[in-house]
Amino acid sequence: MKVTVAHLYKKLEELDRDVVELKKLTDRLASDREYSPILKETFSSEMNKLEDQKSEILKLNVSRPEALAKKSPAVSEKPVQTIPQTQEPKKPEKPVRKY
């Protein structure tokens with residue numbers, strides 16, 4: 001299966017974000033509730049699964065396609081032009097009137 005490095009990078013960011021969110025949820029759980037230990041264990045288990053997925057992605061071998069492998073990575077055939085971005089002036093906010 002062919003996947004681009006950009007897709008893998010986005011997946012890694014998603015996994016990291018999910019782990020952070022689960023950690024925050026775990027920290028916010030009230031410890032005096034009867035369901036807290038079960039939820040903490042479930043969150044911990046899910047965090048471990050996400051970390052395992054992350055490690056599997058990091059173990060993958062990356063190969064360059066033949067067309068790109070022949071080119072020098074530092075030199076491109078066409079110069080890249082940047083287009084200056086112009087910011088549109090913001091309209092002044094009008095107060096909202098409720099009737």
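Q: Which residues make up the largest nonpolar core?
A: In this predicted model, the core is built from Leu-8, Leu-12, Leu-15, Val-19, Leu-22, Leu-29, Phe-43, Met-47, Leu-50 and Ile-57, 10 residues in all. The elements giving two or more residues to this core are helix 1 and helix 2, and helix 1 gives the most, with 5 residues.

Q: Why are helix 1 and helix 2 called roughly antiparallel?
A: Look at the angle: helix 1 and helix 2 (residues 36-59) pack at about 160 degrees, with their axes 10 Å apart. Angles over 145 degrees count as roughly antiparallel, so helix 1 and helix 2 get that label. As for handedness, helix 1 passes helix 2 in a left-handed crossing.

Q: Which residues of helix 1 meet helix 2?
A: On the helix 1 side they include Leu-8, Lys-11, Asp-18 and Lys-23. Among their partners in helix 2 are Lys-40, Glu-46, Gln-53 and Leu-58. Sorted by class, this contact has 11 nonpolar, 2 polar and 8 charged residues.

Q: What is Leu-50 in contact with, leaving aside its neighbours within four places in sequence?
A: Once those neighbours are set aside, Leu-50 is in contact with Leu-15, Asp-18, Val-19 and Leu-22. To count as a contact, heavy atoms have to be within 4.5 Å.

Q: How do you know whether Thr-26 is buried or exposed?
A: Check its relative accessible area, which is 15%. Buried means under 20%, so Thr-26 is buried. You'll find Thr-26 in helix 1 (residues 5-28). Leaving aside neighbours within four places in sequence, Thr-26 is in contact with Lys-40, Phe-43 and Met-47.

Q: How many of the residues of the protein count as buried?
A: The share is 12% of the 99 residues.

Q: What does the secondary structure of the protein come to?
A: There are 3 helices and 0 strands. Starting at the N terminus, the elements run α-α-α.

Q: How much of the contacts with a separation of 6 or more comes from residues 24 or more positions apart?
A: Such residues account for 62% of those contacts in the protein.

Key: Residues are numbered from 1 along each chain as its sequence is written. This is a predicted model: local features need pLDDT of at least 70, side-chain atom pairs count only at pLDDT 80 or more; totals for chains, interfaces and linings use all residues. Side-chain values use heavy atoms; hydrogens and water are left out. Helices (H or I, at least four residues) and strands (E, at least two) are DSSP runs, numbered from the N terminus. Buried means under 20% relative accessible area, exposed over 50%, partly exposed in between (1.4 Å probe, protein chains only). Axes are lines fitted to C-alpha atoms, for helices over the stretch in contact, and angles run from 0 to 180 degrees between N-to-C directions. Angles under 35 degrees count as roughly parallel, over 145 as roughly antiparallel, 65 to 115 as roughly perpendicular and the rest as oblique. A crossing is left-handed if the near helix is turned anticlockwise from the far one by less than a right angle, and right-handed if clockwise. Ala, Val, Leu, Ile, Met, Phe, Trp, Tyr, Cys and Pro count as nonpolar, Asp, Glu, Lys and Arg as charged, and the others, Gly among them, as polar. A nonpolar core is a set of buried Ala, Val, Leu, Ile, Met, Phe, Trp, Tyr and Cys residues joined through side-chain atoms within 4.5 Å.
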